[in-house]
Amino acid sequence: MSRKRLLIAGLALFALALPVFAQSEQSTPTEQITQFVFQLAVIIFAARIGGIAAKAISLPSVLGELIAGILIGPFALGAIPLPGFPAGFFPVSGGEPISIMLQAFSNIAAIILLFSSGLETDLDMLLKYSVAGGVVGTGGVIFSFLFGAELGTFFTHQPLFAPVNLFIGIMSTATSVGITARILSDRKKMDSPEGVTILAAAVFDDVLGIIFLAVVLGIVAVLEGSKSGGLSAGAILGISAKAFGLWLSFTALGLIFSKQISAFLKKIGGEGHFNILALGLAFFIAGIFEMEGLSMIIGAYIVGLSLSKTELSFIIQDKTKVLYELFVPIFFVVMGMQVQISKILEPSVLIFGLLFTLVAILAKVLGCGLPSLFLGFNKIGALRIGVGMVPRGEVALIIAGIGLSAKILEPGFFGASILMTILTTILAPILLNIILDKGGRGTRKEAKTTTSEEFVVELPNADLAGLLSSYLLEDLQREGFYVQLMSISDDISHIRKGDVSLSLKVDGSKLILEAVPEDMPFVRTMVYETMVKLDANLDKLKETYDPESMRKSLDVETSRKDPTFRKILDPQCIEVEMKATNKEEAIVELIELLDRVHHLKDKNKVLADVLEREKIMSTGMQHGIAIPHARTEGTDKPVLAIGIHKKGIDFQTIDGTPAHIIALIASSAGDPAPHMQVLTSLGSTLGSDIVREQLLHAKTREEAAKILGV
């Protein structure tokens with residue numbers, strides 16, 4: 001059956017099944033869970049498609065995920081009636097735009113996000129640049145909060161300390177420095193005075209933003225329970241002290257006992273499970289903070305912050321990355337689903353959203369830029385710092401979601417906050433690039449340097465680049481350097497100790513290190529010593545492992561009977577009368593066949609990679625079988641070609657016999673694909689004497705395909 005017919009049959013079956021799984025009114029738990037499963041499937045696809053589309057036009061994936069959520073939400077496409085879903089795929093239920101299950105899923109994602117943010121916090125930078133970073137970060141948070149809250153009073157006609165205005169103020173404080181970090185890295189300004197100050201201020205910004213949120217939630221909780229509806233200045237100070245005290249107590253205990261917590265997690269979880277237990281601890285502390293009237297995300301952030309300085313930090317980030325990549329994009333889609341497009345388009349809401357964006361930009365430019373003028377920066381440097389702190393991001397969205405679910409923010413204000421987040425994220429990179437294009441130093445006095453250099457290490461393949469990167473980061477940590485990922489989904493590492501600062505990025509088969517000229521000798525020395533260690537370890541591996549003897553021990557005949565190769569073998573890629581006279585000609589002949597059928601991205605690249613693999617060790621097996629193969633950037637999918645050579649070719653097989661059946665496998669280097677599984681699957685089939693004999697006598701490719709079961 002063709003793929004088209006299979007798709008039509010699948011859609012027809014899906015349409016027939018919908019009335020069974022979905023009813024007009026969800027009443028039983030089973031029906032509710034079933035609808036939730038359908039919704040989750042749609043959200044996952046929407047998140048991926050939106051994220052990919054945003055990256056394709058050089059925008060952060062979060063924007064694509066937000067817009068995807070708006071489009072599929074209950075106020076847009078999600079309200080369109082469908083077979084089995086008369087109220088739409090995402091109906092508004094009980095006045096709520098999302099179900100309680102989606103809301104719970106979103107809360108889990110928020111905890112994972114803030115736990116990861118805590119892990120990424122650079123405490124060394126916090127202490128080292130406590131003056132400059134503290135002043136700039138504090139200025140940005142205070143200005144943003146006051147500007148936002150004052151704007152709220154103008155539109156809500158309520159006092160400054162009204163819950164809605166407090167939330168508008170706190171939403172404008174958060175900074176998403178990952179966007180700025182990518183621009184600074186691309187422009188080789190990561191280690192400039194402005195770059196270092198922005199990164200340090202962003203750490204203070206995160207910490208202060210969480211403290212402000214704790215205080216605001218404490219005030220809101222008391223205001224909602226107060227009959228008078230107001231609070232005196234003394235009462236506000238008391239509530240602030242209590243909320244700050246709770247945050248400070250848990251943070252101090254976490255940092256003081258971080259090594260003991262780390263040891264405990266390793267002891268009960270072992271090497272393979274401590275990362276999940278760390279996340280479990282984040283959920284537990286998050287629950288405690290929620291019970292105390294504060295947000296769950298504050299507790300999650302504190303656990304991440306407590307573990308950020310331990311040896312587990314980098315490993316936990318790496319091991320929980322798959323959870324982050326699943327849950328967090330779903331969170332942004334769910335946030336978008338709660339936006340009422342009709343509300344945003346109302347003149348009053350649209351005006352508020354645009355003014356909120358303008359105020360959010362001015363607050364960071366003034367709040368972070370003005371203090372910079374007293375820290376040795378000139379006007380252009382202060383402007384770069386201010387604009388670099390402008391992007392809002394994940395935390396602002398989480399706070400907006402908390403306000404909406406608590407009925408503190410009306411849908412109009414929530415939509416305006418989403419608009420502010422989107423616009424600041426889009427505008428900040430544009431403005432920062434314009435300011436950086438002006439050139440010139442940003443300090444009053446000549447600094448160490450304002451231009452970084454790149455040291456590029458070219459390696460034969462991406463596997464070696466990734467291996468060298470892991471070794472190098474491990475060695476730098478042993479040297480006392482702090483390694484910080486700019487975000488858990490980013491591939492730029494910022495590394496710092498004292499005055500030495502560098503960034504590392506893996507780009508395919510390249511390892512790119514960036515540092516100021518004065519630090520380049522250290523960088524080159526570290527790379528050299530790491531490569532020497534890696535080379536020595538590889539030599540030791542060769543001493544204890546003999547590839548040739550292991551090749552002889554391979555037994556394809558007894559491997560699992562797996563039909564994997566049949567899924568990728570096109571009968572048109574079978575040649576029953578090969579013309580080649582030697583190994584290289586045979587490989588070229590099969591690649592030409594693959595290119596005619598599949599239109600390879602780059603057949604020359606495929607040829608070079610297959611021949612390179614063949615140089616390492618022949619792929620000639622036993623019984624006249626050869627399986628040349630490679631992972632390569634020359635194809636974007638797994639492809640397979642099989643050739644039959646009646647006379648046989650010298651392929652340096654294990655048993656010395658000529659190769660009569662030659663199967664060439666090529667898989668994408670960058671995407672997951674069953675490369676080894678195809679190889680062993682094919683080998684198990686060709687291991688049969690009967691199959692080989694029948695193939696050697698096949699007259700047509702159709703006959704050969706039938707023998708192989710294709």
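I take buried to mean under 20% relative accessible area, exposed to mean over 50%, and partly exposed to mean in between, with a 1.4 Å probe and protein chains only. The model is predicted, so I note that local features need pLDDT of at least 70, that side-chain atom pairs count only at pLDDT 80 or more, and that totals for chains, interfaces and linings use all residues. Residues are numbered from 1 along each chain as its sequence is written, and side-chain values use heavy atoms, with hydrogens and water left out.

**Aromatic pairs**

I searched the whole structure for aromatic pairs and found 10; rings of Phe, Tyr and Trp (its six-membered ring) pair if their centres lie within 6.5 Å, and planes under 30 degrees apart count as stacked, over 60 as edge-to-face and the rest as tilted. I looked up Phe145 and Phe212, whose ring centres are 5.4 Å apart with planes at 75°, so this pair is edge-to-face. The pair links distant parts of the chain, since Phe145 sits in helix α6 (residues 132–156) and Phe212 in helix α9 (residues 193–225), 67 residues apart; helices here are DSSP runs (H or I, at least four residues), and strands are runs of E of at least two, numbered from the N terminus. Phe145 counts as buried at 12% relative accessibility, whereas Phe212, at 24%, counts as partly exposed.

I then turned to Phe250 and Phe289, an edge-to-face pair at 5.0 Å centre to centre with 65° between the planes. Phe250 belongs to helix α10 (residues 233–256) and Phe289 to helix α11 (residues 258–291), so the pair ties together parts that are 39 residues apart in sequence. Phe250 is partly exposed at 25% relative accessibility, while Phe289 is buried at 0%. I also noted a cluster in which ring pairs link Phe154, Phe155, Phe352, Phe356 and Phe413.

**Buried positions**

I checked Ala200, which also lies in helix α9, and found it buried with a relative accessible area of 1%. Ala200 and Gly134 are 66 residues apart in sequence, yet their C-alpha atoms are 7.8 Å apart in space.

Ile422, in helix α19 (residues 411–437), is buried with a relative accessible area of 12%. Not counting residues up to four places away in sequence, Ile422 touches Leu63 and Leu66, where contact means heavy atoms within 4.5 Å.

Gly88 lies in the loop between α3 (61–72) and α4 (100–120), and I recorded Gly88 as buried, at a relative accessible area of 2%. With the residues up to four places away in sequence left out, Gly88 touches Gln35, Gly78, Ala79, Ile80 and Pro81.

**Helix α26**

Where does α26 sit, and how many of its 12 residues are buried? I counted 9 of the 12 as buried, so α26 is largely enclosed by the rest of the structure; among them are His675, Val678, Leu679 and Leu682. Helix α26 (residues 675–686) reaches 17 Å from its first C-alpha to its last, close to the 16 Å expected at 1.5 Å a residue, the expected span being 1.5 Å times one less than the number of residues.
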